[in-house]
Amino acid sequence: MLKRIALLLCAVMLVSLVGCSNGTNGKNTTSNTTATAKEDVIIGTSSEFTTTDPQGSNSQAPLTLATLTHETLTEIDASGNPVAGMATFEQVDQLTYKFTIPGNVTFTNGDPCTTEDVAFTFERARESSFTSGKISTLDHTEIISPTEIRFVLSSPNQDFLTTLAHKSLSILSKKACQEDTEHGFEIGTGRYYLTKWVPGDVTSVTRYDGYRGDKGVAKTITFRQIAETSARIIALQNKEIDIALGLESLDASKIDADSSLELVKFEDVWIKYLTFNVNAAPFDNVKVRQAIAHAVNKNNVILGAANGEGILHTSVVNKTQFGLDETLKDYDYDPALAKSMLAEAGYPNGLEITLSCYKGSPYETIAAVVQSDMAAAGIKIKVNPVEPAALKSMMKEGQHEMAIYGWSDAIGTDFTVRSLLYSTSGSNRCKIADPKLDAMIDAALSEVDTAKREQMYKDIQQYVNDLCPYIMLYTGYIYVGVHKGTTGVKWNASNIHDFCYVSVPSYQ
Amino acid sequence: MYRYVLKRLLMLVPVILGVILLIFVVMDLAPGDPALMIASPDATEEELAELRTNLGLDKGIAYRYVAYVKNMLHGNLGSSYISGRPVMDVYLERLPETLKLAVGAVFVALIISIPLGIIAAVHQNTFKDSASMVVALIGVSMPSFWLGLLLMLLFSLKLGWFPSGGTVGFKSIVLPSITMGLNLAAVMTRTTRSSMLDVLHSDYLRTARAKGVNEKKVILKHAFKNALIPIITVFGSQFSYVLGGAVLVETIFSYPGVGKMVVDAIGNRDIPSVTGGIVMTTIIVTCVNLVIDLLYAYVDPRIKGQYVK
C-alpha cells in the first residue's frame, strides 16, 4: 500500500516538473503593455517556402520572402501606380526607360549593387518560366554607367513599370549567382538576409544592419509552417507565434473572443471562377455558356463557400487594376431563363456536366453549391474533385468540361487579361483562341493615351463578358490574427505582405 | 547468427529494387505532369518540353529506372523537383524527428498497453478486464487529428504545459507521442491480453505457484516473458507504421517528419522525393524488422537455436 502511494506521489511530482512551465505560456493574458518591441518575430503560415529563388516561383510564400531580402526597381503605391523602388526611373521614349541606382546600394553580403547586376537579373529572368512572360517585351538592356541603365522594349508596354514591381523580378547579385548557382540568388539588397530555410518547417531572416535607408524593425523574422488552421490559432493564442496568416472567416470569432488578439481583415484579389472548355461541345456554343451563367447563383456561392463574406465579381479584370469596368452587367441567376436558352440551343432536356475542382475548401464547397443551384435549370453536375497536379494537367490538355479555379495576381491589367485570355497563354484555362481578342489585348498594351487605353480594356471586358468563357464568382477577404499592438505590416491583397517594419509588443 | 543477419540484409536488395519499380510505375500512371507542377502556369510548350528534358521525364520508364538505381548505388537519391535540394539531405533532416516521434509513440503505447493488457488477462471476465478493453476501444476509435487538437487545446492552450507544435525541445514531442501512442496502445493492449491469456493457464505456471513463488513473480517473470513474442511482433509492426504513416499527426502538430514529406511530394508529383523517401523508409523498416527478429532470439533461446542452424 505504502509502495503504491509512493509511486503515485512520484508520478505526480514527475508530471509537475515536466508539465508546469513558468511564464504565461498558454494563459490568455489581457494585457500586452510594454514599451519595447519583440526582437524576434514569429509568423505562422500554411504556405510553403518551396524555393528561395525569387525567379523560381509566383507563389506567395517565396515572394513574401523576396520582399524582405530583395528589392525591385519599382514599387506600387497605394493608388496602384508605379513609383521608384530601388531605382528612380525616367521614360525616355515609348520604347525606352532609364533607371538610376543610388551609389550606396549594397547587397547583404556587402558587395555593391551596380547596373551589371540589374542586367544580369533580367537576362536570367528570360530563362525562368515564372518571369520570361513578364518581360517578353523587353528587347535588351544597355548599361550606361555603374549606376545608370536603359531598358529598351521591342514594342510599347504601358504596364512595364508596374510589372517591374513584381517580386519575382527582384534584383540579384551577378557575382553571388555565378559563384554559387544553388544559393547565390538568396543574396539581395533588402533589409533582411536569409539565415535558415528548412522546407516544410521554418524559414528565418535576420536584419541587415548595413541597409542604406530605414532598417527593418525586428532583428529576426521567422516563418513557421503550421498547415492546420486550428493549430495556427492555438499557437497564436499560446504566444508561440506573433502573427497567424491564412485564417478563414469562421476563425474570426476565435480571434475576436481573445482580448489579447486582434483580427486584421481586408479584401483580397483572389477571384474564384468557373471556367468552360470552349473547345469541347456543348461549351463551344456561346448560347450554352450564357445559359449556364444564368444558372449560377453567386450569392449562394458566397454564402456557402465564404460564410457570406465575399464580394461579387463580374469582370476578368481584378479589383484595384487599371481599367476595371464596374458597370459590366452580370448574368442574373434565372434558372427558368437558363432552361429556355438551353432549349433554344438544342438542349431541351438539360445537360450533364462534369465539374472538376481541387479537393478541399473552398473549391469543393463552391462545386456543391453550384451543383445544387444548377439542378433547378435542368443541369446535372457531377463534381470531380482531384489533386492539384491532376487538375493542372487536365486543364492544360483541355480535358476538362468545366472547372473551378482561381486567379490572384493583380500586378497589371495586361498580365491578367493576357494570362487568362490570350490564345497562347498557359493560364488560359478556358482554351479560348480568338484572334480578335488577342489583337484587342495587344492593342491595349501599347496604347499611349490613358483614357483610350482604359476604354480599350473596358471593351475587352464587355467582349469577354458576351463570349462568357469564364463565370467570375467572387473575391473574399484575407484574415490575419495578430497580437494587440502589432504595427508596421504593409498588408497586401495578393497575400504578399511586407513585414520589413513589423513591430510586435513584447509579452508580459 | 551472423549468417542469418547477412542473409536478411541481402534480401533487402530485391525488396528495394521492387519498391523503386513499383513507385515508378505508380507515379507514371498517376494523372498529373510533374513539369506543370514545377513550371509557371504561363510556361510555353517549349519551356515545358525543355524542363521535361532536363528532368529526364522525356525518357522511358525503363531508362529512368535504371538511371535511378545507378545513382542510388552512389548514395544519390536525386534532387527534389520543387525545392531543388538533394532528397537525401531533406530526408536525413527529417528522419531524426520522425524517429523521436516513433520512439515516443511506442513508449507511450507500451507503458499503457502492457500494464493494461496484463491486468485484463489476470482479471479476465471481471470489471477490470472490461474496463481495460473499453479504454483500448476508445483509443483505437478516436481519430488522431481530433485527439491531437483536443490535447493541444487542453495541455497547450489551457494549461500551458506543452507547446502546440514544432520541434523545440523534448516538450514538443510529448503531445504528438501521446496522440499516436493512444492509437497504438489499443492494438497492443489487446495483443498483450490475448498473449497473456494463452500462457496464464500453462502447467509450468501451476508448478511455479505450487512451489510457492509469489503471484507477482509468476505473472511478470514467468508468464509475461513467455507472452512476449507476439507483443514484440506487434511492437515492430506498430513502430514501422509510425515511421511511415504519421502524416496526420505531423500535420496537426506541424511536425516536420518524413511522412508528411512523402505525402506532399506525391501531391506535387515530386518523383525523386517520393522514391527517395519511400526507399529510405523501406530500408529503415527492414532494419527494424531485423532487430525485432533478433530480439526474439534474445527473449526465446529456442528461436536463437533456429537462427544458428
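Reply: Setting aside neighbours within four places in sequence, Leu48(B) touches Ala35(B), Ala39(B) and Ala43(B). Keep in mind that this is a predicted model. Leu48(B) itself sits in helix α3 of chain B, which covers residues 45-55. Is Leu48(B) buried or exposed? It has 20 other C-beta atoms within 10 Å, and the cut-off for buried is 20 or more, so Leu48(B) counts as buried. For a sense of scale, go to Leu149(B): that residue is 101 residues from Leu48(B) in sequence, and the two C-alpha atoms are 42 Å apart in space.

Now for where chain B meets chain A. The contact takes 42 residues from chain B and 39 residues from chain A. On the chain B side, α2 (34-38), α5 (87-122), α7 (144-158), α11 (247-252) and α12 (258-267) each put in at least two residues. The largest share, six residues, comes from α7(B). By type, that side of chain B splits into 19 nonpolar, 14 polar and nine charged residues.

Over in chain A, there's a helix pair to look at too. The axes of α8(A) (residues 286-293) and α10(A) (residues 335-344) come within 8 Å and cross at roughly 165°. Angles over 145 degrees count as roughly antiparallel, so that's what α8(A) and α10(A) are to each other. Their crossing is left-handed.

Methods: Residues are numbered from 1 along each chain as its sequence is written. Chains are lettered from A and ligands numbered from 1 in the order in which they are written. This is a predicted model: local features need pLDDT of at least 70, side-chain atom pairs count only at pLDDT 80 or more; totals for chains, interfaces and linings use all residues. Axes are lines fitted to C-alpha atoms, for helices over the stretch in contact, and angles run from 0 to 180 degrees between N-to-C directions. Helices (H or I, at least four residues) and strands (E, at least two) are DSSP runs, numbered from the N terminus. Angles under 35 degrees count as roughly parallel, over 145 as roughly antiparallel, 65 to 115 as roughly perpendicular and the rest as oblique. A crossing is left-handed if the near helix is turned anticlockwise from the far one by less than a right angle, and right-handed if clockwise. Two residues are in contact if their C-beta atoms, placed from the backbone, lie within 7 Å. Ala, Val, Leu, Ile, Met, Phe, Trp, Tyr, Cys and Pro count as nonpolar, Asp, Glu, Lys and Arg as charged, and the others, Gly among them, as polar. A residue is buried if 20 or more other C-beta atoms lie within 10 Å of its own, exposed if 12 or fewer, and partly exposed in between; C-beta atoms are placed from the backbone.
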